[in-house]
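Please examine the sequence and the three-dimensional structure shown here. A report on selected features accompanies them.

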Amino acid sequence: MRSLLTALLLLSAPAARAESTPIPVVSSGQDTFFQQLFATRFFNSGRPGNVQLAPDEQTVFFLRNSAASPALSLHAFDVATGQTREVLTPEQLLRGAMESLSAEEKARRERMRMSSRGFGTYALSEDGAKLLLGLSGKLYVVTRATGKVTELATGPGAMDPRFSPDGTQVAYVREQDVYRVDLATNTEHRVTKGGTPEKTHGLAEFVAQEEMYRFTGYWWSPDAKSLAYTESDTSGVEKLSLVDPSHPEQGAQQVSYPRAGKANAKVRLGLIPVKGGKTTWVSWDAETYPYLATVRWPEKGPLTLLVQNRTQTEERLLAVDPKTGATRTLLVEKSATWLDLDQTFPRWLKDGSGFLWHTERNGAPEVELRDANGQLVRSVIPPSADFEELVGYVEQEDTAYFVGGPGTGERYLWRVKAGAAPVRVTTGGPAREMGRMSRQGGLLLLTTEGPTSMRRTLVMKPDGTTVGELPSVAQEPPFKPRMEVRRVGKAGYPTMVLRPRDARPGVKLPVIVEIYAGPGTSMVRQGMAENLLSQWLADQGFLVVKLDAPASLRKPKYDFARVLLDEQVAALRELAKEVPELDLTRVGITGSSHGGYMSALAALTRPDVFKAAVAVSSVVDWRDYDTHLTERFLGLPQEQPEAYERSNLLTHVKAGAPMGKLLLVHGTTDDNVFFFHSLKLSDALFRAGQPHGVLPLSGVSHMIFADPLAAEQLWRRTAEYFRENL
């Protein structure tokens, strides 16, 4: 549907303006970029991923596919010789059969944003002697010394498999219960009993996977004699019907979805012997702290839980007595806004004498060392807005390794020794780096990507010396993005501009703001892969702009949408002072998910700035989104009704009010932001007499890129929409 809103709002211009240029139309018949992009998974197919170091630091394992295939195979890189060999392929195991996944595994991969096939994950035993791989609902163990592959005698649909610490067993979840296989006899044993679709054992509930990044629901004891597991009871959670309107014969799928202010899954943690028996339930104040956010069972030190209150303004780190299930408090964190979760922590020391802890108590991210009772010993990584993620901690050297950056889309690997200033491990840039450290601390894996270079993975020593590079067989992109990154204004807004590759200096062009703007998230990221589509869009005749807020403004509570949108406008205006080619009379905005929400909000509330918007998979009424994310920003709707009313897009739909042109795009089988969000907004706009467009994507989920043809046509339609309206 094309909008009929008058073009006068969109095309008004000042009396004097710089030279303008027509927008070229790209012929889809001649443009093979999208076919290359999706066939190669953003030109990442063929690049090493899911990299793991063997405990002896002699071998690096990784998954890699061919440049044009999504099926991942297992490879091994020899540190001493620099040689790589293929260990195992999916074809060797499937032997011509088609790969299949259970509905539960498909949902889990959706939460993990995984669209690959073949070996999606794998694991090494603690001693490095065995490899564990899952494929098509079956599990396989590879004995490294002999290369022997054993299919485990599990029932169908085994999920989330993991070795026991001693490497003699493998546990997994199937049919809503935890099972294990004894590797010596290859026999399956049921550990928990009574699991049902509404009361699962060993599986992480929806909000744990979607919002907490906790993707598992069971943990081995260090002696491999017990398991801790979650029981997630969703019987009291509201059921929403997920229907694909294009296939009414398939009926409706009932989904347990906890909307803001309504009942969550009831989660408790039990301890059970691996040979079965009575469950000992862990005791904590679950009324005050209903969220089980993190579980750790270290080799030395106690079973440790992090629990949060519902609005995530307070959390407790608890130590558990496995014999009784009783808990004691190690520390308490509080925040006037909300507490961010980092699943890296707590990180217990090898001898159990203490643990590393992440906090923002002192105004910026910081890593502390605490003793076994939770008492502060000292700061390991002092408070700094540059800190993003802990890579490793070498206890004997009292040295921490972390990645972080200056807030302009770069991030680098650093090391910091007690009492000293951080020192960068690598050189060069700009780049986006990620790191992983071996268990002994003798090797680093560095993944790096720059504005004009795709992802590479290097094997390094902690001093920055390169040992080798994991080989890639990937196809390179046909062009390089033209990114211009700068901080603007007194507030120092990080910004990025991508120009058409044939742009002429001084020529005014319409602007497209790409947005996500969730609190604490970043759009300005100097990586090549994630800016390829932005460059393609710029090449259609636009200046594509990405804007971030300074770190000091990252936690607006109760009115986050207005604050974040105001920051976007302020940053855009400051950027235009330095980039005169930005035509602020012709500005569009687009984004997906939270970015879709912000795009629609911009069209509804700031048509003076944003003349057109393409809102993809947009939240509309936050009462209809999940509890954990929504209540973090807005509180409970029963307690903060005004915050929900201000943030509701329907509040801003008014008959006769000025409004930017708006195209709503939504997948009909989205189980994250349901299709009814866009339907509600469209209905309100229609009844208010506000013209707009609606583009339903039949059978498409929240992961639109999992459907390459739909994703390609969406980008083409987006360019066309802005061409028509800007």
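## Basis of the model

The model is predicted: local features require pLDDT of at least 70 and side-chain atom pairs count only at pLDDT 80 or more, whereas totals for chains, interfaces and linings use all residues. Numbering runs from 1 along each chain as its sequence is written, and side-chain values use heavy atoms, with hydrogens and water left out.

## An enclosed helix, α9

Helices (H or I, at least four residues) and strands (E, at least two) are DSSP runs, numbered from the N terminus. Helix α9 spans residues 627–634, and eight of its eight residues are buried, so the helix is largely enclosed by the rest of the structure. Buried here means under 20% relative accessible area, with exposed set at over 50% and partly exposed in between (1.4 Å probe, protein chains only). The residues concerned are T627, H628, L629, T630, E631, R632, F633 and L634.

The cover over these residues includes helices α5 (206–212), α7 (560–578) and α10 (641–647), together with strands β21 (291–296) and β22 (303–308). At the start of α9, a side-chain oxygen of D626 comes to within 3.2 Å of the backbone nitrogen of H628. Just after the helix, G635 adopts a positive phi of about 75°.

## Packing of α7 against α8

Two packed helices are described by the angle between their axes and the distance between the axes. Helix α7 packs against helix α8 (residues 594–605) at an angle of about 75°, and the axes lie 11 Å apart. These axes are lines fitted to C-alpha atoms, for helices over the stretch in contact, and angles run from 0 to 180 degrees between N-to-C directions. That makes α7 roughly perpendicular to α8, a class that covers 65 to 115 degrees; angles under 35 degrees count as roughly parallel, over 145 as roughly antiparallel and the rest as oblique.

On the α7 side, the contact is made by F560, A561, L564 and L565; on the α8 side, by H594, Y597, M598, L601, A602 and T605. Contact means heavy atoms within 4.5 Å.

## Nonpolar cores

A nonpolar core is a set of buried Ala, Val, Leu, Ile, Met, Phe, Trp, Tyr and Cys residues joined through side-chain atoms within 4.5 Å. The largest one has 88 residues, and L662 and L681 have the most contacts inside it. Helix α7 supplies the largest share of this core, nine residues.

With neighbours within four places in sequence left aside, L681 is in contact with A600, L604, V620, L649, L650, V653, L662 and L664. Another core lies apart from this one and has 37 residues, among them M454, L533, V544 and V616.

## Sheets and hairpin

Two strands pair if DSSP finds at least two bridges between them.

Six bridges join β33 to β34 (residues 444–450), and L444 in β34 is the bridge partner of M437. Elsewhere, four bridges link the antiparallel strands β27 (residues 366–371) and β28 (residues 376–381), with R370 partnered by L376 in β28. Their hairpin has four residues between the strands, and G374 takes a positive phi near 90°.

T448 lies in strand β34 and is buried, with a relative accessible area of 13%. Residues up to four places away in sequence not counted, T448 touches A431, R432, E433, M454, R455 and R456.

T89 lies in the loop between β4 (84–88) and α3 (90–94). This residue counts as buried at 9% relative accessibility. On the basis of the same exclusion of residues up to four places away in sequence, T89 touches S73 and F119.

Notes. A polar contact is a pair of N or O atoms within 3.5 Å; within protein, one must be able to donate a hydrogen and the other to accept it, and residues adjacent in sequence count only if both atoms are side-chain atoms.
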